[in-house]
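Trainee: I am new to this structure. Please take me through one part closely.

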Amino acid sequence: MTTRLLALPVALCALALGPAMAEAGSRVAGDFDGDGHDDLAVGVPSESSVSAFGAGAVNVIYGSPNRLTADGNQLWHQGSAEAEASDRFGRSLATGDFNGDGHDDLAVGVPGEDVGAGAVNVIYGSADGLFALDAIQLWQQGSDGILDAAETTDAFGNSLAAGDFDGDGRDDLAVGVPREAVGSVGDAGAVNVIYGSAGGLTAEGNQLWHQESTGIADSAGFGDAFGGSLAAGDFNGSGHDDLAVGVPYEGVGSAGDAGAVNVLYGAAVGLRANGNQLWHQDKTGISDVAEAGDRFGGALTAGNLNGSGHDDLAVGVPEEDVGSAGDAGAVNVLYGAGVGLRANGNQLWHQNSPEIADAANASDLFGFSLTAGDFNGSGRDDLAVGVRYEDAGSVVDAGAVNVLYGALVGLRANGNQLWHQDSTGIVGAAGFGDDFGWALSAGDFNGGGYDDLAVAVPNEEVGSARDAGAVNVVFGSSTRLTAQGNQLWNQDSTGIADAAEQFDRFGTSLP
């Protein structure tokens with residue numbers, strides 16, 4: 001067990017952010033030590049450090065041939081001299097190999113840093129796992145060379161995604177700034193992009209994107225929250241990753257907060273406006289229609305769901321009404337092709353879709369979180385969908401996860417699963433308001449050749465500690481996810497750094 005303290009040049013107190021927007025990372029959990037087993041970073045943004053309430057922390061649990069193990073686990077935070085109240089270190093996480101050394105690195109969002117202006121810490125991987133020394137970076141909009149300036153409540157780092165946008169073999173980092181003002185338009189939102197190099201992330205060639213950027217579809221609107229969610233994937237098979245940017249409070253026609261997604265395509269020069277797209281439910285050919293408050297784009301993930309060689313995009317619409325069930329939630333899936341994402345063959349999934357486990361109920365929020373992984377080794381990614389407020393039997397708002405499996409035709413209902421903490425064989429028990437499925441991540445934690453599913457339960461009670469939080473891990477197999485050998489992790493698990501405390505909310509974010 002290793003406890004790491006980050007000594008970083010940060011000052012000023014931070015302002016607590018409002019309710020978090022759902023986000024799911026677009027990459028699987030990273031392999032920080034390069035041993036062939038993915039490792040799991042768990043955000044604990046409400047963790048208190050000394051007298052700094054809500055300063056935040058991140059636990060890292062390493063993979064092994066015997067699944068995730070407490071051996072060598074780490075606790076990261078900003079250190080007693082630098083941690084400030086409501087910094088929320090760990091509110092978002094992303095993994096990527098930013099320096100191309102074969103070890104994944106960890107980007108940690110700190111959106112409450114400097115009175116909500118926000119920051120991102122980057123911790124680099126090595127053969128010994130994540131390490132501190134002189135390699136840690138702190139990025140803000142006030143960092144040397146980074147476009148724009150840090151402003152109170154911008155929330156830089158509230159969302160993150162890693163991808164190789166310029167195809168140079170090193171991952172790059174997209175940073176959501178959903179409360180960025182664009183000109184006089186408050187909370188319109190923006191995204192900073194910082195590019196990788198042999199020395200790690202560098203300010204050279206960094207970009208700032210928003211809906212008033214030259215050539216970008218649509219225009220900035222008050223409270224749109226461009227950058228509220230992010231996902232990276234190669235939608236056109238060009239060898240350069242592309243960036244999907246959620247705009248969950250975008251108005252579509254007269255439908256306020258219907259939501260939209262902007263897509264920017266990668267090239268040798270990095271992301272560019274050429275060929276960018278704007279997607280919403282009123283686009284020609286897209287299933288369903290845009291309605292007020294749907295929040296299309298509230299969560300995003302990318303994966304190759306049909307094995308075509310082009311990544312596809314799943315878009316959470318967590319407040320979609322399904323029949324008479326208000327805010328039941330849905331997911332739109334757009335498929336990639338040589339021309340990029342297209343409407344042809346797109347799908348709409350919800351719990352009233354034929355043969356899907358369970359049924360749509362009011363306020364379930366199906367699509368609150370998303371992740372993609374190949375859970376059965378078929379060569380096609382599968383989609384896990386968080387249903388934050390799903391009831392488990394008589395247990396209200398316990399939470400659940402639906403899993404749909406990929407095929408040549410894309411996602412299909414055949415063999416789909418519903419998981420919660422009262423599922424047969426799953427460790428733990430469903431509790432009121434646990435929010436099982438708040439965040440999701442996929443990775444091959446045991447090197448078995450199948451992706452495994454990590455499910456956050458941030459309001460899980462641990463002993464007498466209310467809302468201390470936990471993470472369930474369900475393992476893949478040659479057929480599909482199975483309860484066999486599943487794990488439950490929290491800060492009171494044997495050997496894990498720190499201790500479960502009330503309102504820590506371990507699991508609020510996963511990569």
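Trainee: Which residue has its charged end over the ring of W438? Then look closely at Q141: where does Q141 lie?

Mentor: The charged end of R505 sits over W438, 4.6 Å from the ring centre. That label needs NZ of Lys or CZ of Arg within 6 Å of the ring centre and within 35 degrees of the ring normal. R388 lies over the face of F368, at 5.0 Å from the ring centre.

Some ground rules. This is a predicted model, where local features need pLDDT of at least 70, side-chain atom pairs need 80 or more, and totals for chains, interfaces and linings use all residues. Residues are numbered from 1 along each chain as its sequence is written, and side-chain values use heavy atoms, without hydrogens or water.

Now Q141. Q141 lies in the loop between β8 (137-139) and β9 (159-163). Strands here are DSSP runs of E, at least two residues, numbered from the N terminus. Q141 has a relative accessible area of 2%, so Q141 is buried (under 20% relative accessible area, 1.4 Å probe, protein chains only).

Who surrounds Q141? Beyond four places in sequence, its contacts (heavy atoms within 4.5 Å) include I146, L147, D154, F156, V177 and L208. E180 and N192 are also among them. Both make side-chain polar contacts with Q141: E180 at 3.2 Å, N192 at 2.8 Å. A polar contact pairs N or O atoms within 3.5 Å; within protein, one must be able to donate a hydrogen and the other to accept it, and sequence-adjacent residues count only if both atoms are side-chain atoms. G309, by C-alpha, is 36 Å from Q141 in space and 168 residues away in sequence.

Note on methods: Helices (H or I, at least four residues) and strands (E, at least two) are DSSP runs, numbered from the N terminus. Buried means under 20% relative accessible area, exposed over 50%, partly exposed in between (1.4 Å probe, protein chains only).
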